[in-house]
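Notebook open, structure loaded. I want to go through the domains, the annotated sites and the ligand shell, one entry at a time.

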Amino acid sequence: MENKNSNESNDKLDQLQNHTTDNSDTKLTTNQGLRINNNQDSLKADERGATLLEDFILREKITHFDHERIPERIVHARGSGAHGIFKLNKSLAKYTKAKFLNEVGKETPVFVRFSTVAGSAGSTDLARDVRGFAVKFYTEEGNYDLVGNNIPVFFIQDAMKFPDLVHAVKPEPDNAIPQAASAHDTFWDFISSMPESMHMIMWAMSDRAIPRSYRMMEGFGVHSFKLINSDGAVHFVKFHFKPKLGVHSVAWSEAQKISGTDPDFHRRDLWESIENGAFPEWDFGVQVIPEENEHDFDFDLLDPTKIVPEELVPVQLVGTLTLNRNPDNFFAETEQVAFHPGHLVPGIDFSNDPLLQGRLFSYTDTQLSRLGSPNFHEIPINRSINPVHNNQRDGHMRQQIVKGKVSYEPNSIGGGCPFQAMMKDGGFTTNNERVNGQKVRARSQSFVDHYSQAKMFFNSQSAQEKNHLKDALVFELSKVTIVEIRERVVGQLALIDADLAVFVAEKVGVKVKKLDTPNQSIPADANPTSLQSKEREPKTKSSDALSMKNTVKDTIESRVIGFMMADGVNTQAVKSLKNKLESEGAIVQIIAPSVAPVKADDGSEFEPKHSITSTASVSFDALYICSGEKSAKELMHPERKPIVTEFINEAYKHCKAIYFGKGTDEIYNATRVSTKKHEDPAIVNAGEDDSDKKFLTAIANHRVWDLEKERNSMA
Ligand code: HDE
């Protein structure tokens with residue numbers, strides 16, 4: 001396959017180039033550069049004798065191998081990354097002096113890493129989980145990291161609870177079960193005692209937690225941050241990335257199957273789309289709130305369990321993020337990249353969100369054990385493109401060779417260098433916020449509303465999204481073995497939506513009881529009533545931006561369409577549809593009885609990518625059962641019929657578009673599709689008017705979720 005990674009250079013890629021090697025046309029050497037003559041045999045005392053300790057070549061090779069692994073990330077261990085470019089389309093100079101957000105047209109190199117949170121590095125991509133969305137901007141003023149998620153809120157309000165949350169969701173400590181799953185006792189035990197998690201739980205149980213691809217999910221900075229302009233004026237800001245392809249998900253039953261058939265589904269999708277030149281893109285947006293309006297909302301801007309509804313503060317789209325180049329080496333780049341919400345540039349600052357404040361400590365600390373040294377900033381992927389000059393010295397694996405005698409400041413021997421930078425020279429100064437208060441270990445009253453935005457999210461979902469969310473809760477709680485925990489969760493749900501609670505309660509065998517003291521996380525000496533969240537109606541009843549039903553549905557770019565065919569397939573029909581789909585950016589992959597070339601009706605051949613038994617319908621966005629009576633007969637051969645029909649039935653169940661070509665009636669009649677008793681815009685027959693157009697529209701719509709019940713009830 002032709003590799004369509006972008007070849008355009010930029011400051012970061014040029015810098016990385018200095019650290020890149022290519023083994024082609026070279027001779028094998030040791031790490032000391034000594035050429036190796038025999039890489040097959042160790043040094044022995046006689047051909048059949050013991051290996052000699054002297055064998056420095058063997059020792060070097062095995063020692064290095066023994067130490068190849070580093071600790072995986074404590075959270076977000078499983079991830080994939082790519083290089084790209086951030087382009088500014090609208091200046092934010094009014095709000096921030098950050099240079100990469102000032103000059104329209106300015107391009108800043110980025111490295112982005114997506115991840116799941118709970119699973120280990122080798123776990124499935126399709127776990128029900130939050131996705132990390134971490135962006136490192138290599139700006140001329142130093143690295144700026146926006147370390148966000150695909151969900152705009154978080155489970156907890158204070159960093160103090162993070163280790164508890166993570167311990168609860170990770171595999172249980174006695175038997176290390178389950179991997180990459182929240183469906184177990186300890187997670188729900190914790191959650192049911194932490195009402196502040198309820199808004200996040202609504203998101204995590206929605207289809208947002210099982211994205212179709214990394215390219216089809218949003219990114220959020222989550223916390224409120226601050227923008228500071230050159231006059232010192234302060235605005236709060238929420239950061240957003242909105243995918244150009246829209247926000248799309250798979251079905252839960254599909255996710256579970258993909259975890260078996262292709263656990264690298266998201267990683268592969270990201271890699272292949274970049275290799276194919278279908279560069280993932282997002283609009284970058286900001287919600288900006290003047291400092292003086294901080295208290296204008298019915299929630300606290302510092303509370304990370306709340307969003308700012310777009311109805312109250314619209315998202316201004318100001319830039320484009322494009323991923324256009326795969327890493328050359330997964331470990332060197334994706335594994336060693338070290339993000340930190342405290343990597344800032346002038347013009348951006350933190351808010352006092354207590355979750356963010358705790359993060360500011362954690363990220364450097366974790367790199368010390370993960371990457372092993374305070375010099376992790378010198379690893380090529382982490383290096384700033386703005387040269388680093390300071391008096392920090394030494395430590396494990398130091399790379400930089402700093403000249404001269406001086407490693408202190410003030411100094412006269414080194415001429416006072418490196419000088420502190422004036423503000424006008426880009427010197428960072430912390431926002432001069434006035435602080436006046438007592439030292440307390442406490443939670444603000446303004447944080448004590450745990451249900452109103454959970455209600456807003458639930459209210460905003462379409463009927464199908466609500467069904468999926470309910471089913472997800474039932475799935476998760478059915479795996480909880482302790483009845484009291486199931487009861488407590490249902491008690492929490494009752495404060496969000498009565499029908500939701502009743503539905504789940506019935507399915508998990510408990511009664512709905514509104515909880516008297518649902519919040520077990522209130523400190524012993526605190527006044528429990530003052531910290532007890534009441535059921536509360538949201539001011540913004542529902543918000544369109546929260547439903548995936550309202551997302552972009554006008555493109556089929558990079559959708560994977562399976563063309564099912566066998567010998568005798570009609571070349572003309574295949575070529576015509578393939579051209580149409582590919583001209584709109586879709587990817588056509590041929591599925592045949594085996595991977596041997598398929599002989600078409602005109603004597604030409606098609607090269608299959610998959611055999612029917614080596615793939616499954618879950619790997620495709622839509623299916624075309626190719627025209628040609630002979631091909632259809634071949635596919636319906638008694639040996640293959642059960643597999644072919646199951647393949648199509650499954651695509652049907654998952655609400656995908658299916659197009660039956662001419663002469664494929666036998667296949668149509670053998671599948672559940674033929675039993676449909678309703679209009680279905682995503683089932684297309686070659687004889688119909690505008691059949692190709694109908695198929696393209698159905699693919700762009702992603703799924704006919706509206707017909708999910710109908711499609712499944714005819715089983
Ligand atoms: Fe993280 N988080 N986090 N987190 N986080 C890490 O840093 C932490 C939180 C997020 O692709 C760790 O380098 C604390 C919120 C992403 O490399 C660690 C708290 C959000 C990634 C850490 C949070 C995130 C991490 C583990 C609560 C969304 C992956 C490895 C106070 C805004 C970055 C590492 C990558 C990674 C700590 C909460 C996003 C341990 C203490 C909220 C995307 O430092």
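Predicted model: local features only at pLDDT ≥ 70, side-chain atom pairs only at ≥ 80, totals over all residues.

**Domains.** I started with the spacing of domain 2 and domain 3: their centres, taken over C-alpha atoms, are 40 Å apart. I then looked up the bounds. The assignment puts domain 1 at 79–191 + 198–382, domain 2 at 452–549 and domain 3 at 553–713.

**Confidence.** I looked up the scores and found an average pLDDT of 96 for the chain, with 99% of the residues scoring at least 70. The ipTM is 0.98 and the pTM is 0.97.

**Active site annotation.** Which residues does the UniProt annotation "active site" cover? I found His76 and Asn149, and I noted that the UniProt entry is unreviewed. They span 74 residues in sequence, but no two of their C-alpha atoms are more than 10.5 Å apart, so I have them down as gathering at one spot.

**His76.** I traced His76 to the loop between helix H2 (56–66) and strand S1 (79–88). Is His76 buried or exposed? I counted 23 other C-beta atoms within 10 Å of His76, and the cut-off for buried is 20 or more, so His76 goes down as buried. Setting aside residues up to four places away in sequence, I listed its contacts as Ser115, Val117 and Gly132.

**Asn149.** This one sits in a strand, namely S4 (residues 142–149). Asn149 is buried too, because 23 other C-beta atoms lie within 10 Å. Skipping neighbours within four places in sequence, I wrote down Val130, Arg131, Gly132, Phe133, Phe220 and Val222 as the contacts of Asn149. Gly132 is on the contact lists of both His76 and Asn149.

**Ligand shell.** How many residues surround the ligand? I got 24, and the closest are Arg73, His76, Gly132, Ala159 and Val222. The elements giving two or more residues to this shell are strand S2 (107–116), strand S3 (131–139), S4 and helix H9 (354–370). H9 gives the most, with 6 residues. By class I have 12 nonpolar, 9 polar and 3 charged residues around the ligand.

**Binding site annotation.** UniProt, again from an unreviewed entry, places "binding site" at Arg73, Arg113, Phe162, Arg359, Tyr363 and Arg370.

I have Arg73 down as buried, because it has 21 C-beta neighbours inside 10 Å.

Tyr363 lies in helix H9. I counted 16 other C-beta atoms within 10 Å of Tyr363, so it is partly exposed. Not counting residues up to four places away in sequence, Tyr363 touches Phe339, His340, Pro341 and Gly342.

**Helix H13.** Last entry. In H13 (residues 498–508) I marked Leu500, Ala501, Phe503, Val504, Ala505 and Val508 as buried. What do the buried residues of H13 pack against? I found three helices there: H10 (452–460), H11 (463–478) and H12 (483–493).

Terms used. Residues numbered from 1 in each chain as written. UniProt positions renumbered as here; feature names shortened; annotations may be inferred. Helix = DSSP H or I, 4+ residues; strand = E, 2+ residues; numbered from the N terminus. Buried ≥ 20, exposed ≤ 12 C-beta atoms within 10 Å, placed from the backbone. Contact = placed C-beta atoms within 7 Å. Domains from an automatic or database assignment. Near = placed C-beta within 6 Å. Nonpolar A, V, L, I, M, F, W, Y, C, P; charged D, E, K, R; others polar. pLDDT = per-residue confidence, 0-100.
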